[in-house]
Amino acid sequence: MLDPNVVISGVLSSQGAPADVLRALAAGEFELMVSQSLLDELERALAYPKLRRHVDEAAAAELLRWLTDSATRAADPATEPPVHSRDPDDDYLIALAAAHRAALVSGDKHLLALDGEIPAFSPRAFVGLLAES
């Protein structure tokens with residue numbers, strides 16, 4: 001599962017680990033899981049004026065369509081996450097990953113600090129795992 005910040009970072013720059021994660025997804029190297037809440041957050045973020053300067057409305061719509069078509073859709077869990085982030089807005093990602101036994105790839109330090117309690121990986125660490133398999 002990709003935190004929307006990884007997707008946005010990968011779109012904004014073709015260099016670096018987030019872009020490598022998106023290339024690995026396009027190559028079919030891992031299965032992506034998304035939920036409606038995750039897609040909604042990504043859509044909201046892509047509409048922010050500071051991002052709209054870099055990703056126009058058509059490109060944002062195409063990205064959302066690609067992710068929706070490429071991913072396995074999962075229901076947003078109604079249960080609380082097993083652990084909480086220091087940022088409560090991220091708890092839905094933890095709950096989603098836990099409910100579906102998925103790894104969470106994020107650049108968010110609050111989520112990465114939960115490694116050991118949930119399977120959380122930085123984009124760089126995730127790309128390294130893919131290279132090992």
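The model is a prediction, in which local features need pLDDT of at least 70 and side-chain atom pairs count only at pLDDT 80 or more, while totals for chains, interfaces and linings use all residues. Residues are numbered from 1 along each chain as its sequence is written, and side-chain values use heavy atoms, with hydrogens and water left out.

## The core and its aromatic pair

The largest nonpolar core contains 41 residues. A nonpolar core is a set of buried Ala, Val, Leu, Ile, Met, Phe, Trp, Tyr and Cys residues joined through side-chain atoms within 4.5 Å. Buried means under 20% relative accessible area, exposed means over 50%, and partly exposed is in between (1.4 Å probe, protein chains only). The residues with the most contacts inside this core are Met-1, Leu-2, Phe-30, Leu-32 and Leu-46. At least two core residues come from each of these elements: helices H1 (4–12), H2 (17–26), H3 (36–46), H5 (57–70), H6 (91–99) and H8 (123–132), and strands E1 (33–34) and E3 (104–105). Helices (H or I, at least four residues) and strands (E, at least two) are DSSP runs, numbered from the N terminus.

Rings of Phe, Tyr and Trp (its six-membered ring) pair if their centres lie within 6.5 Å; planes under 30 degrees apart count as stacked, over 60 as edge-to-face and the rest as tilted. The partner of Phe-30 is Phe-126, and the pair is edge-to-face, with 5.0 Å centre to centre and 90 degrees between the planes. Phe-30 lies in the loop between H2 and E1 and Phe-126 in helix H8, so the pair ties together parts that are 96 residues apart in sequence. Phe-30 is buried, at 14% relative accessible area, and Phe-126 is buried as well, at 10%. Apart from neighbours within four places in sequence, Phe-30 is in contact (heavy atoms within 4.5 Å) with Leu-2, Val-21, Ala-24, Leu-25, Phe-126 and Leu-130.

## Helix H2

Helix H2 is mostly covered, since seven of its ten residues are buried. These are Ala-17, Pro-18, Ala-19, Val-21, Leu-22, Ala-24 and Leu-25. The buried residues of H2 pack against H1, H5 and H8. Just after the helix, Gly-28 has a positive phi of about 75 degrees.

## The largest pocket

The largest pocket holds about 210 Å³ of space. On a 1 Å grid over the protein atoms alone, a cavity is a set of points where a 1.4 Å probe fits but cannot get out, and a pocket is an open set with protein on both sides within 12 Å along at least five of seven lines; lining residues have an atom within 4 Å of a point. Grid points are joined across faces, edges and corners, and a volume is the space filled by probe spheres set on the points. H1, H3 and helix H4 (49–52) each give two or more residues to the lining, and H1 gives the most, with four. Among the lining residues are Asp-3, Glu-41, Tyr-48, Lys-50 and Asp-108.

| Residue | Relative accessible area | Class |
|---|---|---|
| Ser-106 | 1% | buried |
| Pro-119 | 41% | partly exposed |
| Arg-73 | 44% | partly exposed |
| Arg-101 | 79% | exposed |

Ser-106 sits in the loop between E3 and helix H7 (109–112). Its side chain reaches the backbone nitrogen of Asp-108 at 2.9 Å. Such a polar contact is a pair of N or O atoms within 3.5 Å; within protein, one must be able to donate a hydrogen and the other to accept it, and residues adjacent in sequence count only if both atoms are side-chain atoms. Not counting residues up to four places away in sequence, Ser-106 touches several residues, including Asp-3, Asn-5, Leu-111 and Phe-121.

Arg-73 belongs to strand E2 (residues 72–73). Its side chain makes a polar contact with the side chain of Gln-36 at 2.5 Å.

Pro-119 is in the loop between H7 and strand E4 (120–121). Beyond its neighbours within four places in sequence, Pro-119 is in contact with Ala-102, Ala-103 and Leu-104.

Arg-101 lies in the loop between H6 and E3. The phi of Arg-101 is near 50 degrees, a positive value in a residue other than glycine.
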